[in-house]
Amino acid sequence: MTSSPDPATPAPTSTPASTHPTGYATGRLGDKTVHRVGLGAMQLAGPGVFGPHADPERCRTVLRRAVELGVDHVDTSQFYGPDVVNELIREALHPYPEQLRLVTKVGATRDDRGGWLPAGRPEQLRAQVEDNLRTLDVERMDLVNLRRYERDAPGTDAAPLEEQLGALADLRTEGKLDLIGVSSVHAETVRTALESVGIGEVQNPYSLLDRADEEVLDLCRAHGVAYVPYFPLGSAFTGGPAALAADEHVASVAARHGVSATRVALAWLLARYENLLLIPGTSSPEHLEENLAVLDVVLDADDLAELDLVEPRPVGH
Ligand SMILES: NC(=O)c1ccc[n+]([C@@H]2O[C@H](COP(=O)([O-])OP(=O)(O)OC[C@H]3O[C@@H](n4cnc5c(N)ncnc54)[C@H](OP(=O)(O)O)[C@@H]3O)[C@@H](O)[C@H]2O)c1
């Protein structure tokens, strides 16, 4: 899975392969090419991302089908379940296809009722990377995101940013991860991370329903870094997919193209930046196939103008 011993800052993404009329079918994580539509694995845990899913076999089917259909980028974390999702990934996909990029995130833990707690001290980050390696049964992660709390619970991060990035850089030097990313962060953190350790992705909340992250998106464009929006459908926690389906502007564009509101919302994201990589989350084989077909949807200037009118709404946990 991870062959490059070079942990250097990723190359800019100026020349990804193009097979899509208005954009690119592939983007880049560091120097690795990936399809622009990957899979977010968070929906493969139980309710509240806690405990097992009601239908683990369906979850394994989603993972296998995703890879069969060309998905080569799966986003996960040890704290999904916890453990549950990484174990499903290993059961379904190990030994992993050579081209599969497994991306995780560290910096949080769960309490015994499923609550989310910051756990970002350097020794905690190291232990979490080791846990991911063990449960996924790999020697090196393709990318590890430092999950900060500055977007959702400012002031609660467990350690200074520089110490956290230093811990991940040490693990990179030791060969335990290939690329560092940052998640749930403001632009200033992205700038610091770019300058101090180099990053392969930023993973922040962003969707048609939550467009507050334009400054970070601009930074990613300027540096050719992958931008990976989480909650791309506005978050299941706050009824995002239903809100998209109910929006008159999304519905009008969807009707024009004869596709679902979901595909319009994902196509809008793809149109924002050529190295924006999708990781829509689903535990449904049907939704997986629908989401992968988003590259067929080509939005024109009228569509994009209409989608600008979508009313933003609160998104999150
Ligand atoms: N860094 C972070 O802090 C962070 C936070 C949250 C998420 N993430 C990552 O980002 C990924 C995406 O976020 P998310 O899963 O929370 O996305 P989301 O925007 O909340 O969307 C997921 C919801 O959309 C539904 N859905 C998916 N495809 C659909 C379709 N074609 N039609 C109708 N409904 C559909 C899913 O239900 P079904 O299962 O029924 O399809 C699920 O309820 C996660 O899986 C995770 O890997 C990272």
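Two strands count as paired if DSSP finds at least two bridges between them.

Next, select strand S10 (residues 201-203), which is joined to S11 by 2 bridges and runs parallel to S11. Within this pair, Val 202 has Tyr 227 of S11 as its bridge partner.

Now display the whole protein chain, which contains 11 helices and 11 strands; helices are DSSP runs of H or I with at least four residues. The C-alpha trace spans about 50 × 45 × 40 Å along its principal axes. Colour the buried residues (under 20% relative accessible area, 1.4 Å probe, protein chains only): they make up 57% of the 317 residues.

Finally, where is the largest share of the lining of the largest pocket? Select helix H10 (residues 285-292), which contributes 3 residues to that lining.

Residues are numbered from 1 along each chain as its sequence is written. In this predicted model, local features need pLDDT of at least 70 and side-chain atom pairs count only at pLDDT 80 or more, while totals for chains, interfaces and linings use all residues; side-chain values use heavy atoms, with hydrogens and water left out.

Notes: Buried < 20%, exposed > 50% of the residue type's maximum accessible area, 1.4 Å probe, protein only.
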